[in-house]
Amino acid sequence: MKYILLFLFVNVFSVQSQSYLDYYFKANSIDGAIVIYNENKDEWIFSTESEPFLNTPIASHFHLWQALTGLQEKVFSINSNEKIQWDGVKRSFFEKRKPEWNKDMNLAEALQFQNDWYFDQLKYRLPDNLYTNNIKSSSILKDVKNSEIDFFWNFTGYTNPNTMILFLKDLCEGKLPFEKKNQQYLMQQLKIDSNLAIHTSTTSYLGQKIDWTVGVYFKQSKPIYFSLRTTKSLESPTLVDYDKRRNLVLTQIFEVLNY
């Protein structure tokens, strides 16, 4: 099925596998791959042929769809003064304490801190059928093994770089099935400056830690969308400057592609 999809992909867009881009991962001692859609050239580029359609847990990227659903159904608000009350439970994320979650929180803060308990409120504040249908219809997910467990998006909800990039493209263009003002609000929350919008996620899957950054680069006349996904064994020691090296991979790749 993966290769059937790739065949269809090739016939719709200009697609180029640029295996030389793998050099920048190896040079920085990082395992991973990148997928880029350059709308200026209507061109897809990826460092490995398997990466565009390789499913892994969506993790906190699912917060983007949840934010839009919550706004649409009036569970969340763009008003920074409207907060959801913290229940007093101190939580952790894969055994790492999350003290930044331990307070009443508005939507902008929940997106910033990738607060799982905040977005899990949809399960309790929406009718069961509406919540279930929202998960089934979400264009950001490719497969869901079990949506009943708490924070299922970290474990049993899957997606891939191709899907994430197309989601970001629809978000930028206001084409998702939500009010445009809510899509514009969400995109504004993702922007770190006038040229770049990013969203990150972290999860553990099949013995590996996965760090996944998706984003939009606005410096050219049309957006450039990208997905950078890196992995490392849970048994391997963490490099002190891992985040710096990962970011350097993206910078070097964009430079060599003249972005």
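Student: How many aromatic pairs does the count come to by the ring rule?

Tutor: Rings of Phe, Tyr and Trp (its six-membered ring) pair if their centres lie within 6.5 Å, and planes under 30 degrees apart count as stacked, over 60 as edge-to-face and the rest as tilted; here the count comes to 19 aromatic pairs. Tyr217 and Phe254 form one that is edge-to-face, with 5.4 Å centre to centre and 70 degrees between the planes. Please keep in mind that this is a predicted model, in which local features need pLDDT of at least 70 and side-chain atom pairs count only at pLDDT 80 or more, while totals for chains, interfaces and linings use all residues. Residues are numbered from 1 along each chain as its sequence is written, and side-chain values use heavy atoms, with hydrogens and water left out.

Student: Which parts does the pair of Tyr217 and Phe254 tie together?

Tutor: Helices (H or I, at least four residues) and strands (E, at least two) are DSSP runs, numbered from the N terminus. Tyr217 lies in strand E11 (residues 208-217) and Phe254 in helix H10 (residues 242-256), so their pair ties together parts that are 37 residues apart in sequence. Phe226 and Phe254 also form an edge-to-face pair, at 5.4 Å centre to centre and 85 degrees between the planes; because Phe226 lies in strand E12 and Phe254 in helix H10, this pair ties together parts that are 28 residues apart in sequence.

Student: Is Thr230 buried or exposed?

Tutor: Buried means under 20% relative accessible area, exposed over 50%, and partly exposed in between (1.4 Å probe, protein chains only). Thr230, whose place is in strand E12 (residues 224-233), is buried, with a relative accessible area of 0%.

Student: With which side chain does the side chain of Thr230 make a polar contact?

Tutor: A polar contact is a pair of N or O atoms within 3.5 Å; within protein, one must be able to donate a hydrogen and the other to accept it, and residues adjacent in sequence count only if both atoms are side-chain atoms. The partner of Thr230 is the side chain of Tyr242, at 2.9 Å.

Student: Where does the charged end of Arg229 sit?

Tutor: A charge sits over a ring if NZ of Lys or CZ of Arg is within 6 Å of the ring centre and within 35 degrees of the ring normal. The charged end of Arg229 sits over the ring of Trp212, 4.6 Å from its centre, and Lys191 lies over the face of Phe218, at 4.8 Å from the ring centre.
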